[in-house]
Protein chains: 2
Amino acid sequence: MELDERKQKILQAVIRNYLETGEPVGSRTISKYTDLNLSSATIRNEMSDLEEMGYIVQPYTSAGRIPSDKGYRFYVDTMLEEKEREIEELKGLLGEKDEKMDTMLKRVARVLATNTNYAAMVTAPRYRGNKLKFIQLSQVEAGQLLAVIVVEGNVIKNTILNVDESLDAETVLKLNILLNTHLNGLCIDEINLAMIAELKRQAGIHSGIVGEVIDAVAEAIRSDEDLKIYTSGRNNMLKYPELTDNREKASELIDIFEEEHTLGKLVEETLSDDNNTGIQVYIGSETPVQSMKDCSVVTATYELGDGMRGTIGIIGPKRMDYDKVIGTLKTLMGQLDSIYNKK
Amino acid sequence: MELDERKQKILQAVIRNYLETGEPVGSRTISKYTDLNLSSATIRNEMSDLEEMGYIVQPYTSAGRIPSDKGYRFYVDTMLEEKEREIEELKGLLGEKDEKMDTMLKRVARVLATNTNYAAMVTAPRYRGNKLKFIQLSQVEAGQLLAVIVVEGNVIKNTILNVDESLDAETVLKLNILLNTHLNGLCIDEINLAMIAELKRQAGIHSGIVGEVIDAVAEAIRSDEDLKIYTSGRNNMLKYPELTDNREKASELIDIFEEEHTLGKLVEETLSDDNNTGIQVYIGSETPVQSMKDCSVVTATYELGDGMRGTIGIIGPKRMDYDKVIGTLKTLMGQLDSIYNKK
DNA sequence: TGTTAGCACTCGAAGCACGAGAGTGCTAAT
DNA sequence: ATTAGCACTCTCGTGCTTCGAGTGCTAACA
C-alpha cells in the first residue's frame, strides 16, 4: 500500500491534533479539522489503512488513534514546518564570552526548560582533543602545590598536589617555565611518553612532581570524569500524564536526571555521530536509555572553537512539540555560535 | 489536663506506629501494640483526651488518629531514642582532606539520600569571615589575566580578567608579590579601603589591575552569590503518597530543588541560629518555606576550621524517621569533624 | 473511681451496574 | 470513490451497595 498525499495529510492531522490534546483522535475530528472535505467515514477507511501500515495505533478497540513511533518518525522526518522562533530571554545572554562558563550553561538550561515546558539538559563542552593553553604551579603552603591548568576556551581546572618536599620559589618558577615551554599549545594526543620522559629528565630531582602534574593535566583533559551536566525543569515531566501516570514511572524518570552517567549516554550517542546536521531526534524506543522509552529526546551539538563540543538536550513526552523544540534549539545554536565563534 | 506518663506512652505508640505505616492508627492497634495491657476502650478515652489537647487529630470522623504538628514536636523534643547509626558507606569517604570539595559534598548528598530514603541537600561551606590564603596572577595570553584565589580550606576560585595592557613577566611577578605580601592571611573584613588605596599606590600604573583583582577577591569571598547547593534523591519524595498525591503538589515539591534560593532560605535560617546544638528540626508549618508545609526538614550545620560553615539538610514527609535521620546526621557530623578539624 | 464489654453509628474504600458518549467497522446507497 | 446509516465495542463517570475499621457512649464491673 502506498502512502499517498491524502494519507499523509490525514496522518499529519492526526499527529498535530494529538500533540495538542494528548487524547486519541477520531475520524470525525479529522473530518472537520482538515480542508479535505471528506466525511468521517472516508477518513475512517484511510485511518484503517494507516493503522495497517503501522503509522498509528488504537489504544483500545473503538477508541481514536494515536501516532506510533513510526508515525512520529515520519512526521519528524518529512513534515516539520520550520518556524524559527525567537527566544527573547536568550538575547540577554550574549556578549559575555569570558563569563564563567558554568553560569552561562546553567542559564541556558533554565531558559530552555521554561521556554519549552520540557526538561532540559546542557553538558559542559568536552575538551577532548583540545589544546593546553597554560599551566601554573604555585606553592600554597609547605607540602601543598596548586596546579592550575587552563585549556583553550578558558576552561580552568585546579588540582592540589601533596608533595613531600618543600620547594623554594625559584624551583617552582623553573618548573613552571619547563612545563609551559614544553606543553603549551599541545593537545592530549601530542603529549606522549617520550616527551614525559624528557620532561622528567630535565626536572631532575623533581621528576616526581612533573609526573603528578602530567597526571593532573591528563585528568583535566580526560573528558569522562569531568562531564558536567546542568539540568533544569525536571518537574516539567510531571505535567505529562502519559509519562507519570504511576509512581514508579515518575520516580524512574526523575531519577534519570540524578545519575549523570545515564544522561551521559545520550551525549555519547550524539557526539559520536559526526556527520549529523547538529540536531538529532530520538523517538520513544529509539533512545539509547531504556528507561526513557516513553519519552522523546532532541539533542543538539554546539561547538565552541576548535573541537570543543557540548550537547544540549530537551527531554519530553513523545508528543512533544517537535517544531517548536527544534526551532528553539536551532536559534539557540545560532546565538551560541555568534557569541563564541564569530566574535 | 495533664500529659501524664500513660498518655505519653500512648502518644508515643501512635506516632511510632504512624511513622511506620503511614496509616491512621486506631485504639485496638495500640491496645495490642503496647505493654500497657489496657483495653481498646480505655485507649479510646485517652486518645480522645490527647486529641482534645491537640497532640493528635482525626483525618475524618471515625478514622484512626494521626499525629499533629504539635504531636510530632513533642515527640522530637522529648522522646527520641538516640540510636547512633553507622553509615557504612560513609566510611569510605574519609581521609581525603584536600580532595576537591565539591565531589566530596556531592557524594555526601548522595549517600544521605540513599541511606535515608529522603531527599538530601548539602551546601558548600560559606567562607564568610574566612582567610585569604593565596593569590596568583598569571598572564594567559595578551590582554587576559588569570587570577587564582585560594581561600582557607582549599577553596579555589578562578577569574579571568580582561586588561587593556599587555604585561611582561616581571610586572606580573611584582604584582603577585605585592598582593600576596599584603593580603595573605587576611579575611574580607580586614581588607579595608585604606589598604586598597595603599596597594594601588604601590602598583603605580597598574593600579587598575589591582582594583580588579580586589573585586575578584571580594567576589570570591562574598558568599551569597556563590551559594552552591548539591542535592540528591529528590525522586524519593515521590515515595510518600501524602506529599505527592496530586500533580501540583508533586510538581511544586520537585520544583523547590530547582530554585537554589528557595533552599537557601533553609540555610539562612539554620546558619543564623548560632546557639543551636548543630541539629535543627522543622516540622510542617514550622519551615521557613511555605511550599514545604507538608514536609519536615532536618538541618545540621557543619564547620570546617575557622568559621567555615555549611549546612546539610534532609527533607522528607512529616512522618519521617526522626531517630534515624538525626542519628545519621550526627555521625556524619562527627566524621566530617574528624576529617577536617582534628587532623 | 478507673476499667472494660457491648453496641450503635459514621465514614471511607472497594465493588458493581448502568448509561452516556465517542468511535469504529461494515453495508448499502449514491 | 464517497458517504449515510447503523450496530457494536469500549471507556469513563455516576450512583448505589456493602464491608470493615474505628469511634463514642452507656452500662456493668472491680
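1. In chain B, helix 1 (residues 5-21) packs against helix 3 at an angle of about 90 degrees, and their axes lie 10 Å apart. Here helices (H or I, at least four residues) and strands (E, at least two) are DSSP runs numbered from the N terminus, while axes are lines fitted to C-alpha atoms, for helices over the stretch in contact, with angles running from 0 to 180 degrees between N-to-C directions. Helix 1 of chain B and helix 3 of chain B are therefore roughly perpendicular to each other, given that angles under 35 degrees count as roughly parallel, over 145 as roughly antiparallel, 65 to 115 as roughly perpendicular and the rest as oblique. On the side of helix 1 of chain B the contact is made by Arg6(B), Lys7(B), Ile10(B) and Leu11(B), and on the side of helix 3 of chain B by Ile43(B), Glu46(B), Met47(B), Asp49(B) and Leu50(B); two residues are in contact if their C-beta atoms, placed from the backbone, lie within 7 Å. Sorted by class, the residues of this contact are five nonpolar, no polar and four charged, where Ala, Val, Leu, Ile, Met, Phe, Trp, Tyr, Cys and Pro count as nonpolar, Asp, Glu, Lys and Arg as charged, and the others, Gly among them, as polar.

2. A word on the model and its labels. This is a predicted model, in which local features need pLDDT of at least 70 and side-chain atom pairs count only at pLDDT 80 or more, whereas totals for chains, interfaces and linings use all residues. Residues are numbered from 1 along each chain as its sequence is written, and chains are lettered from A and ligands numbered from 1 in the order in which they are written.

3. In chain A, helix 1 (residues 5-21) and helix 3 pack at an angle of about 90 degrees, with 10 Å between their axes. That makes helix 1 of chain A roughly perpendicular to helix 3 of chain A. Helix 1 of chain A brings Arg6(A), Lys7(A), Ile10(A) and Leu11(A) to the contact, and helix 3 of chain A brings Ile43(A), Glu46(A), Met47(A), Asp49(A) and Leu50(A).

4. How do the two chains relate to each other? Chain A can be laid on chain B with an RMSD of 0.3 Å by a turn of 180 degrees and a shift of 0.1 Å along the axis, the copies being superposed by least squares on the C-alpha atoms of residues with pLDDT of at least 70 in both. The two copies are thus related as by a two-fold rotation axis. The same surface serves both copies, since 100% of the contact residues of chain A recur in chain B.

5. Where the chains meet, 24 residues of chain A are in contact with 24 residues of chain B. On the side of chain A, the elements that give two or more residues are strand 4 (132-141), strand 5 (144-151), strand 6 (155-162) and helix 10 (247-256). The residues of that side divide into ten nonpolar, eight polar and six charged.

6. An open sheet of three strands in chain A has the order 4-5-6, with antiparallel pairing; two strands pair if DSSP finds at least two bridges between them. Strand 4 and strand 6 of chain A stand at the edges with a single partner strand each, so one side of each is left without a neighbour in the sheet. The twist averages 20 degrees from one strand to the next. Strand 4 and strand 5 of chain A run antiparallel and are joined by eight bridges, and Leu137(A) stands opposite Ala147(A) in strand 5 of chain A.

7. Chain A also has an open sheet of five strands in the order 7-3-10-9-8, again with antiparallel pairing. Its edges are strand 7 (229-232) and strand 8 (279-283), each with a single partner strand, so one side of each is left without a neighbour in the sheet. Strand 3 (residues 119-123) and strand 7 of chain A pair in the antiparallel sense over four bridges, with Met121(A) opposite Thr231(A) in strand 7. Helix 6 (residues 101-116) of chain A lies across strand 3, strand 7 and strand 10 (308-317) of chain A, running at about 160 degrees to strand 3.

8. Which residues come nearest to DNA strand D? Of the 20 residues around DNA strand D, they are Ser39(A), Thr61(A), Ser62(A), Gly26(B) and Ser27(B), a residue being near a molecule or strand if its C-beta atom, placed from the backbone, lies within 6 Å of it. Helix 3 of chain B gives the most to this surface, with four residues. By class, the surface near DNA strand D has six nonpolar, eleven polar and three charged residues.
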